[in-house]
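Let me put the structure up on the screen, and then I'll talk you through it.

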Amino acid sequence: MTRAVFDPITLRGLEIRNRLWIPPMCQYAVDAQDGVPTDWHLMHLGSLARGGAGVVTVEATGVTPEGRISPQDLGLWNDAQRDALSRITDLIHAQGAQAAIQLAHAGRKASTWRAWGPRPGGNVPAEHGGWQSVGPSEIPFDGLEAPEALDAAGIDAVVAGFVAAARRAVDAGFDLLELHGAHGYLLHEFLSPLSNDRTDEYGGSLENRARLLLRVVDAVRAEVGEAVPMIVRLSATDWAEGGWDLPQTETLSSWLGAHGVDLISISSGGNVADVQIPVGPGYQLPFASAVRRSSGLPVAAVGMIDDPFQAEQIVALDQADVVLVGRESLRDPNFPIRTADALRYDMPYKPGPYERAYR
Ligand SMILES: Cc1cc2nc3c(=O)[nH]c(=O)nc-3n(C[C@H](O)[C@H](O)[C@H](O)COP(=O)(O)O)c2cc1C
């Protein structure tokens with residue numbers, strides 16, 4: 001019997017074996033602070049592909065050195081990083097999954113301590129590998145230093161960074177590209193009036209605040225051509241008065257569709273500290289469903305989806321086209337195999353050497 005979550009999905013001619021995907025998850029594991037993936041990333045991402053996911057997405061990867069969240073982030077601004085990433089795409093492909101990478105610029109939330117180990121708080125000082133952050137305006141994120149506001153040349157350099165990283169990503173064998181427009185990082189900072197008070201063509205109206213993201217989408221598409229599916233990840237809301245919200249997300253998503261974006265991944269939050277978020281199973285799913293309905297685009301849902309039947313139901317009831325499973329995949333990289341087992345779906349790509357575990 002088929003199962004909705006195990007139905008293939010095709011984006012721009014790329015057939016993906018199912019709709020249970022791995023979202024980007026920063027490992028903060030580049031101890032050399034050079035942005036080059038290590039054996040940790042190979043093992044981590046390879047095991048997620050082996051676990052049966054349709055797409056494995058590589059974590060937020062800085063398109064420039066200043067675009068990293070922490071000094072231990074992955075980067076994709078040079079050929080050594082590209083070549084090391086190509087080992088990872090080979091391994092993901094060898095397990096039958098497709099490889100995506102989230103291209104990111106952390107903006108005013110850059111140069112922070114990695115999310116595990118000692119975390120003194122605030123920005124990372126230069127002697128520990130830190131740097132001056134940049135943003136749309138000189139408005140700091142709570143607890144961090146004020147960013148330098150990007151001027152026109154700085155904005156052009158950000159766009160060029162995304163374009164060069166997208167080229168290297170495709171050359172490294174990635175099948176899909178994801179642009180990080182969520183979680184209070186640079187592209188989201190431009191979108192939200194709470195972090196963007198510019199008075200030029202990048203601030204003010206929704207059209208102006210969306211200009212940078214749409215520029216990046218167009219420039220990346222021009223660089224990589226028509227064959228590569230492009231995902232944009234958005235925060236549907238800042239969860240804060242006067243901030244980015246669902247109606248703006250819906251309008252922007254329609255524009256992104258018109259600019260050739262193939263799928264919107266709907267998350268939330270990250271641009272304002274200390275907000276009340278009603279976290280619970282599938283708590284961001286209604287946002288994804290709303291964007292799906294209004295934009296007509298395929299959407300990915302994420303957030304506390306960690307049960308096989310919940311995942312199946314979301315796709316079967318047309319609430320989202322793809323389900324992203326984050327933390328549960330860290331706890332159990334074989335979550336898709338376990339889901340198939342629970343749904344009594346005979347997964348044709350269950351790894352042979354593991355078969356006896358599921359009889
Ligand atoms: C360790 C970790 C790292 C993360 N890194 C990223 C990231 O690089 N980019 C991103 O957009 N979201 C990131 N997220 C958010 C996840 O992609 C996901 O949206 C979130 O964990 C909610 O899904 P879940 O409840 O299934 O874990 C991260 C989450 C975790 C737990």
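Predicted model: local features only at pLDDT ≥ 70, side-chain atom pairs only at ≥ 80, totals over all residues.

I'll start with the ligand and then move on to the sheet.

Where does it sit? In the largest pocket. There are 15 residues around it, and the closest are Cys26, Gln102, Arg233, Met304 and Arg327. If you sort that shell by class, you get eight nonpolar, five polar and two charged residues.

Now, who is talking to the ligand's oxygens? Take Arg327: an N or O atom in its side chain is 2.6 Å from a ligand oxygen. Gly326 uses its backbone instead, with a polar atom there 2.8 Å from an oxygen of the ligand. And then there's His183, where a side-chain N or O atom is 3.5 Å from a ligand oxygen. How much of the ligand gets covered? On its own it exposes 610 Å², and the protein buries 82% of that.

Okay, on to the sheet. It's an open one, nine strands with parallel pairing, and the order reads S3-S13-S12-S11-S10-S9-S6-S4-S5. At the edges you have S3, residues 20-21, and S5, residues 74-75, each pairing on one side only.

Let's zoom in on one pair. S12, residues 299-302, runs parallel to S13, residues 322-324, and three bridges join them.

Notes: Residues numbered from 1 in each chain as written. Heavy atoms only, no water. Near = heavy atom within 4 Å. Polar contact = N/O pair within 3.5 Å; in protein donor to acceptor, adjacent residues only side chain to side chain. Areas by Shrake-Rupley, 256 points an atom, 1.4 Å probe, with all protein chains shown as cover. 1 Å grid on protein atoms, 1.4 Å probe; cavity = no way out; pocket = protein on both sides within 12 Å on 5 of 7 lines; lining within 4 Å. Sits in = over half its atoms within 2 Å of the grid points. Nonpolar A, V, L, I, M, F, W, Y, C, P; charged D, E, K, R; others polar. Pairing = 2+ DSSP bridges. Helix = DSSP H or I, 4+ residues; strand = E, 2+ residues; numbered from the N terminus.
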